[in-house]
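Q: I'd like to learn to read a protein model from its contacts and surfaces. Can we go through one together?

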Amino acid sequence: MNEDGRGAYSENNSDTESIASDRAAFSGPLGLSGGSVSNKRASKKSARFNLPPEITMAKTNSTGSAASFAAADNDAYVEITLDIRDDSVAVHSVQGADGGHEDPELALLAKRTLENKSPSFRSFLFRNTSAQIKQVSQELKRALSRRPSNAGRRFDRTKSAAAHALRGFKFITTKTGASGNGWSSVEKRFNDLTASTNGHLHRSQFAECIGMNQSKEFAGELFQALARRHNVTGDLINKVQLKRFWDQISDESFDSRLQTFFDMVDKDADGRIAEEEVREIISLSASANKLSNIQKQAEEYAALIMEELDPDNAGYIMIHNLETLLLQAPNQSVRIGDSRILSQMLSQKLKPTQENNPLKRWYQKSKYFIMDNWQRVWVMMLWLGIVGGLFAYKFVQYRNKAVFDVMGYCVCIAKGGAETLKFNMALILLPVCRNTITWLRNKTKMGTVVPFDDNLNFHKVIAVGIAIGVILHGGAHLTCDFPRLLHATEEEYEPMEPFFGEEQPENYWWFLKGVEGVTGIIMVVLMSIAFTLATPWFRRNKLNLPKFLKKLTGFNAFWYSHHLFVIVYTLLIVHGIYLYLTKKWYQKTTWMYLAVPITLYACERLIRAFRSSIKAVKIRKVAVYPGNVLSLHMSKPQGFKYKSGQYMFVNCSAVSPFEWHPFSITSAPGDDYLSVHIRTLGDWTRQLKTVFSEVCQPPPAGKSGLLRAEGTNTSFPKILIDGPYGAPAQDYKKYDVVLLVGLGIGATPMISIVKDIINNMKMEEDSVPGSALDNGNFNNKGFRTMKAYFYWVTREQGSFEWFKGIMNEVSEMDEKRVIELHNYCTSVYEEGDARSALITMLQSLHHAKNGVDVVSGTRVKSHFAKPNWRQVYKKIALHHPDARIGVFYCGATALTKELRQLALDFSHKTSTKFEFHKENF
């Protein structure tokens with residue numbers, strides 16, 4: 001993908017094709033007015049082609065309407081737009097002849113569409129459509145080759161750069177032409193805002209009126225520019241004047257947008273832009289996009305723009321100078337390889353037909369669900385089978401005992417629930433035996449059939465099973481069989497004397513005061529506390545509680561309440577010994593269920609305590625970065641072996657001697673140190689940052705961060721570590737191609753992977769002369785990754801300082817473009833918004849001259865706003881057909897659903913298979 005989003009994956013999200021074939025006539029007029037040929041250096045031409053009935057029946061998105069052609073007679077047409085240049089003709093877009101937008105669905109990539117059709121259909125499509133496009137291309141090239149030379153003009157607005165420049169000056173997101181209700185919405189807000197001012201809108205309300213609430217300062221400057229252009233004095237305008245303002249800022253013509261932007265910069269309206277005015281608009285744009293670093297360096301960047309546009313040192317620039325900058329050709333054009341890949345997609349432009357049979361639809365959904373989740377399915381089925389079998393076993397057992405005559409089915413349900421409780425209370429410890437799971441993941445092949453990545457999810461599922469067991473067991477006892485026992489006649493109670501004594505219980509207090517009752521009640525209370533504080537609302541402080549109750553929320557409350565399990569398991573064993581209806585020791589099976597899991601878990605905790613005490617680490621470097629991030633670089637203990645993507649636990653006795661918190665390792669296995677990047681999100685991390693900040697100083701010149709400290713002379717707080725532990729991202733080496741996605745601090749495991757790939761590249765370069773990449777295989781212990789796409793999305797500009805050095809290192813070393821780095825700053829308005837237009841221009845100038853991005857401060861050019869994830873997947877699918885792609889994501893849960901669903905959709909409907917892995921974050 002091009003850095004600026006142009007070219008192959010640009011405006012219309014098109015996937016198009018131009019395949020060489022036998023020449024054939026095309027049907028439908030070519031989009032040339034009167035047969036005349038444009039004399040411009042590059043242009044886009046359109047042609048419409050009549051499609052065969054098979055395509056129409058397939059419900060393609062290329063269906064036209066009778067209105068497209070008067071003589072079409074309801075035939076289906078597809079409109080193909082070609083990008084004509086001096087030496088090439090590229091397919092720009094394919095869409096319905098009615099001018100509708102292209103269908104961006106990934107079904108456009110689906111090979112099955114053609115594979116499932118008859119050979120005659122495929123042959124017809126390739127022979128006719130491909131040949132028609134080829135003929136159109138050839139005819140257009142021949143026609144354009146005869147045009148007169150126009151070398152005298154340096155820039156031409158018909159180039160793709162002009163379209164890019166146009167998108168750079170979109171002042172209003174919702175335009176009258178786009179939605180049909182742009183002005184009506186503005187008019188409605190105007191009426192509401194001026195209801196008490198006699199129909200006059202003040203300048204301070206202009207931003208709210210036109211929908212720029214988040215950029216009031218920018219909207220104020222826009223108001224001033226429009227007022228100067230329309231000779232409006234004062235700070236008040238009426239509806240007629242507002243309509244004129246709106247017409248100008250929603251005008252999509254290049255000249256109108258350019259003039260509006262120029263007017264904003266030219267504050268004294270003399271038709272010239274001085275360097276001071278450039279500095280002011282840079283500062284304003286940086287403020288609107290929350291780019292504090294650019295705002296601080298506005299003077300330097302203004303000088304850069306003047307140097308570029310005012311080479312004669314006239315002291316000012318004119319509107320045509322600004323136009324020159326905007327109309328320069330894009331830095332990166334579509335590569336030939338990309339165009340060729342896109343060319344292979346036109347024949348697959350057909351959208352699969354919707355299955356009308358509900359049974360077949362259900363079958364397809366079920367098939368895909370099992371294919372995508374078969375590991376989870378068999379584990380859940382096994383667990384449910386065991387739980388159901390134990391319940392049935394106890395139910396039948398007590399159905400045939402004497403107590404059934406008095407207590408009925410109530411005792412069967414109570415005992416069935418108790419049996420499932422014993423099993424689940426034993427099983428729930430296994431998913432949190434991290435050392436065991438890490439060993440099984442690393443040393444055995446069980447990971448191919450057991451979803452170890454879902455260990456915590458399975459832990460939660462078992463907790464739900466325990467809650468159901470408690471309800472069945474306690475509920476049946478308290479509401480059913482105990483009341484029946486209390487109300488039994490003497491004859492009915494007589495068989496119960498061996499279990500409850502010769503004297504029949506008279507009330508509930510008899511049951512509650514016994515060992516069974518006391519232990520049962522305490523266990524339920526403690527488990528309820530732990531269960532409640534583990535829910536996301538309490539654990540992540542999502543509840544708006546009074547200040548004195550805030551201590552009941554957060555990670556600390558979750559951590560301490562979960563350690564109540566020691567008391568719970570002790571009471572459970574006691575409860576299992578003092579049973580009313582079971583007197584023989586070998587029939588009291590609670591301890592049998594718990595013996596092995598408790599022993600295993602106890603050994604795990606002892607290993608953690610022993611290992612962390614002997615693996616002493618020394619802090620080498622500490623840095624505090626913008627965005628409340630603390631970076632710790634420490635010595636690597638002898639024998640500490642880990643994989644990129646894994647995590648470890650960190651303890652700081654200066655904060656809390658008991659608390660251990662997990663953090664992804666950001667260093668690579670080949671580094672001689674360990675590093676973690678910790679963002680302050682809770683009480684413990686906030687205190688950790690505080691104690692380390694006390695020993696830090698402002699950084700010297702040339703060093704990153706807000707505060708730094710390094711060297712052996714500094715007295716750092718003591719740190720203990722425990723690990724490493726397995727995580728989903730560590731499996732990246734199993735894939736030839738990986739897509740790494742990190743949101744904010746979620747980039748930490750991905751940074752380790754990127755560094756590991758670089759280190760492996762170094763090793764291969766050193767061990768095999770010439771480069772091991774050329775032979776298509778790594779020999780470094782199963783290292784297979786040949787291509788990595790890293791997308792880091794962050795909200796703040798300062799976040800890029802966290803991994804600035806790594807980004808630059810990758811850019812410098814990765815000569816073969818094995819790793820594609822894509823940084824996204826979501827605080828900057830998307831491309832096509834006037835508020836970021838100057839930032840975009842400045843970014844291009846600065847990167848071209850100095851090789852450094854003005855937003856990230858690295859060699860990696862940043863993107864603005866959020867990525868189009870569908871386009872990301874589509875690009876990878878196009879470049880890697882028939883490949884198996886590992887998708888690794890770490891970040892907030894909000895994006896998980898979209899990324900997972902896209903992975904499933906593209907896997908189902910293309911030949912590229914995406915396997916999604918979510919880091920627990």
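This is a predicted model: local features need pLDDT of at least 70, side-chain atom pairs count only at pLDDT 80 or more; totals for chains, interfaces and linings use all residues.

Q: Which residues are linked in a network of salt bridges?
A: The general idea is that side chains of opposite charge can pair when their charged atoms come close. Here, Arg441, Asp453, Asp731 and Lys734 are joined in such a network.

Q: How many salt bridges does the count come to?
A: By the rule above, the count comes to 20. Let's take a few of them in turn.

Q: What does glutamate 187 form a salt bridge with?
A: Its partner is lysine 239, and the closest N and O atoms are 3.4 Å apart. This pair links distant parts of the chain, with glutamate 187 in helix α6 and lysine 239 in helix α9 (residues 239-249), 52 residues apart. Glutamate 187 has a relative accessible area of 27%, so it is partly exposed. Lysine 239 is also partly exposed, at 29% relative accessibility.

Q: And where do aspartate 247 and lysine 243 lie?
A: Both sit in helix α9, four residues apart, which is about one turn of the helix. Aspartate 247 is partly exposed at 39% relative accessibility, and lysine 243 is partly exposed with a relative accessible area of 29%.

Q: What is the salt-bridge partner of aspartate 756?
A: That would be lysine 733, with the closest N and O atoms 3.7 Å apart. Aspartate 756 lies in helix α30 (residues 748-767) and lysine 733 in the loop between β14 (719-725) and β15 (737-743), so the pair ties together parts that are 23 residues apart in sequence.

Q: Is aspartate 756 buried or exposed?
A: The reading goes by relative accessible area: buried means under 20%, exposed over 50%, and partly exposed in between. Aspartate 756 comes out at 5%, so it counts as buried. Lysine 733, at 25%, counts as partly exposed.

Q: On to polar contacts. What does the side chain of asparagine 424 contact?
A: The side chain of tryptophan 383, through a polar contact of 3.0 Å. Asparagine 424 is found in helix α18 (residues 409-427), and it is buried, with a relative accessible area of 1%.

Q: Which backbone oxygen lies 3.0 Å from a polar atom of the side chain of glutamine 797?
A: The one belonging to valine 855. Glutamine 797 is in the loop between β16 (787-794) and α31 (804-813). At 4% relative accessibility, glutamine 797 counts as buried.

Q: Now the surface. Which residues form the nonpolar patch?
A: Look for Val515, Ile573, Ile577, Tyr578, Trp585, Tyr586, Trp591 and Met592, which together have about 810 Å² of accessible area. Two or more residues of the patch come from each of α27 (565-577) and α28 (590-614). Tyrosine 586 lies in the loop between α27 and α28 and is partly exposed, with a relative accessible area of 45%.

Q: Which residues form a positive surface patch?
A: Lys460, Arg539, Arg540 and Lys542 do. You'll find lysine 542 in the loop between α25 (536-539) and α26 (555-562). Lysine 542 has 54% relative accessibility, so it counts as exposed.

Q: Last topic, the backbone. Which peptide bond is cis, with omega near 0°?
A: Check the one from glycine 723 to proline 724. Proline 724 lies in strand β14.

Q: What about phi at asparagine 198?
A: Asparagine 198 has a positive phi of about 60°, although it is not a glycine. Its place is in the loop between α6 and β4 (201-202), and it counts as exposed at 70% relative accessibility.

Q: Where does asparagine 231 lie?
A: In the loop between α8 (216-229) and β5 (236-237). Asparagine 231 has a positive phi too, of about 55°, and is not a glycine. At 70% relative accessibility, asparagine 231 counts as exposed.

How values were computed: Residues are numbered from 1 along each chain as its sequence is written. Side-chain values use heavy atoms; hydrogens and water are left out. Patches are made of residues with over 30% relative accessible area and no salt bridge: like charges are joined within 9 Å, nonpolar side chains (Val, Leu, Ile, Met, Phe, Trp, Tyr) within 5 Å. Accessible areas come from the Shrake-Rupley method with a 1.4 Å probe; for residues, only the protein chains shown count as cover. A salt bridge is a side-chain nitrogen of Lys or Arg within 4 Å of a carboxyl oxygen of Asp or Glu. Lys and Arg count as positive and Asp and Glu as negative; His and the chain ends are not counted. The place of a charge is taken as NZ of Lys, CZ of Arg, CG of Asp or CD of Glu. Buried means under 20% relative accessible area, exposed over 50%, partly exposed in between (1.4 Å probe, protein chains only). A polar contact is a pair of N or O atoms within 3.5 Å; within protein, one must be able to donate a hydrogen and the other to accept it, and residues adjacent in sequence count only if both atoms are side-chain atoms.
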